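Thanks, everyone, for making time this morning.

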Amino acid sequence: MKEEPKLIGLDRDQIARRLAQDIEDGSYVNLGIGMPELVAQHLPEHTEIVLHSENGLLGMGPSPAPGQGNPELVNAGKRQVTVLPGASIFHHADSFAMIRGGHLDLCVLGALEVAANGDLANWSTSEADAIPAVGGAMDLVSGVRSVFVMTSHCTRNGAPKLVEECSYPLTGQNVVTRIYTDLAVIEVGTQGFELLELTPGVQIEEVRQRTAAEIIDARAGETK
Amino acid sequence: MIDKRANDIPAALGGIDNGATVMIGGFGGAGSPVELIHGLIDHGATDLTVISNNTGSGEVGLAALIRAGRVVKVICSYPRSANSTVFPDLYRAGKIALELVPQGTLAERIRAGGSGIPAFYTATGVGTELQEGKEVRSFEGRSYLMEHGLSADVALLKARSADVHGNLLYNMTARNFAPIMATAADLTIVQAEEVVEAGSLDPEAIVTPGIFVNRVVHVSQPAHEADLVAAGESYP
């Protein structure tokens, strides 16, 4: 049997860097816990992007130097952070008014699955003995103007995460704007998944093989 | 003359009954009123319903209260933590009830409860499992869920500074749920690192006005949950 050539995809930092290029200067942005947190380390130079943490902080800075942290200055992942000049602190109802009232420009979230209609599943695997925990994910997807998903294209076992219909419990319906994976940048359009960009070295057929829904080629200059 | 100071933690916690609903401030360890929670374990009240974002870590603070068997139900958004098995074990054994609420809905329900608003509509949770049993109503073509305001018998909160009127300032992200919980409880009890005379705090800077606070107790060097967990401590 012929061995399949190894797919060349982006690593997590490279996905974060690619996504960060699409964040507009001056944006107010919430980065979800986990892989999306990496985006903070790759924000474009000479821009000012204000990071929001749902536990009541705008203007979140990087982790403190060892020994310099404050256990009462943490991010939504409960890790110690710092504040940047211009930061503000507020209570939870104000923080979620920013989210639910449509005041944030963008949030970046991880995913278990994204469906072609923009449904997102990212809070529960429904395992029998799992402890259900939702945090702020449902608030973010319902209230923030743009929702970027940052994820590996497939699970560790190779199962597609971009699907026709989510099998895991939904976080929100028709909420995802755009998806950044190791293989591609994909917009969720009115017709479904629209390929905007391939990772250099990756072919569209390889993306289609790893996606459990139709991929429309929407790259500039390509026919659909 | 208004003086809301309690002499010590037992005095601050006096009158909390079995079966009370207790709001506990904090987001993880940040803002968790560890000394008041330990005082509540000593106080002995049981059959409590706890409203808090999380369920504690290790075997101290909120996790210790749950471990002591005092809590029959928690209302929270994220009952897991990397270093606690107290809540998960009891939950899997069917010995504690959970009402899971999206974090923003939890905050807004508390804000509503403190503001005399019995219910409100939100888009959060529409089309998800957490919609179950809730009224759905359409406004301007979008669907919303009806959510009820939350109030409590008691709130236990942590502040950096309090004056004798109960005006409060907080420490960074330890603020989190405290200002809204203060408004939503009949009896709001605050542990503060410093307690000062009236007039010592700038009225322009007050975060929680004293009208929302009933008792203040001075805890000069509060323990941080994470430090206690790292030291392997257990309460009592």
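Predicted model: local features only at pLDDT ≥ 70, side-chain atom pairs only at ≥ 80, totals over all residues.

How many of the 9 residues of helix α2 (residues 92-100) of chain A are buried? The helix is mostly covered, with 7 of the 9 buried, where buried means that 20 or more other C-beta atoms, placed from the backbone, lie within 10 Å of the residue's own, and where helices (H or I, at least four residues) and strands (E, at least two) are DSSP runs numbered from the N terminus.

Residues are numbered from 1 along each chain as its sequence is written, while chains are lettered from A and ligands numbered from 1 in the order in which they are written.

Among the buried residues of α2(A) are A:His92, A:Phe96 and A:Arg100, and their cover includes β1 (28-31), β2 (50-53) and α3 (137-143) of chain A, together with α5, β5 (119-122) and α6 of chain B. After the helix comes A:Gly102, which has a positive phi, near 75°.

Turning to the contact between the chains, 32 residues come from chain A and 40 from chain B, counting residues as in contact if their C-beta atoms, placed from the backbone, lie within 7 Å. On the chain B side, α5(B) gives the largest share, 6 residues.

As for chain A overall, it has 4 helices and 13 strands, and 47% of its 224 residues count as buried.

Definitions and conventions: Buried ≥ 20, exposed ≤ 12 C-beta atoms within 10 Å, placed from the backbone. Contact = placed C-beta atoms within 7 Å.
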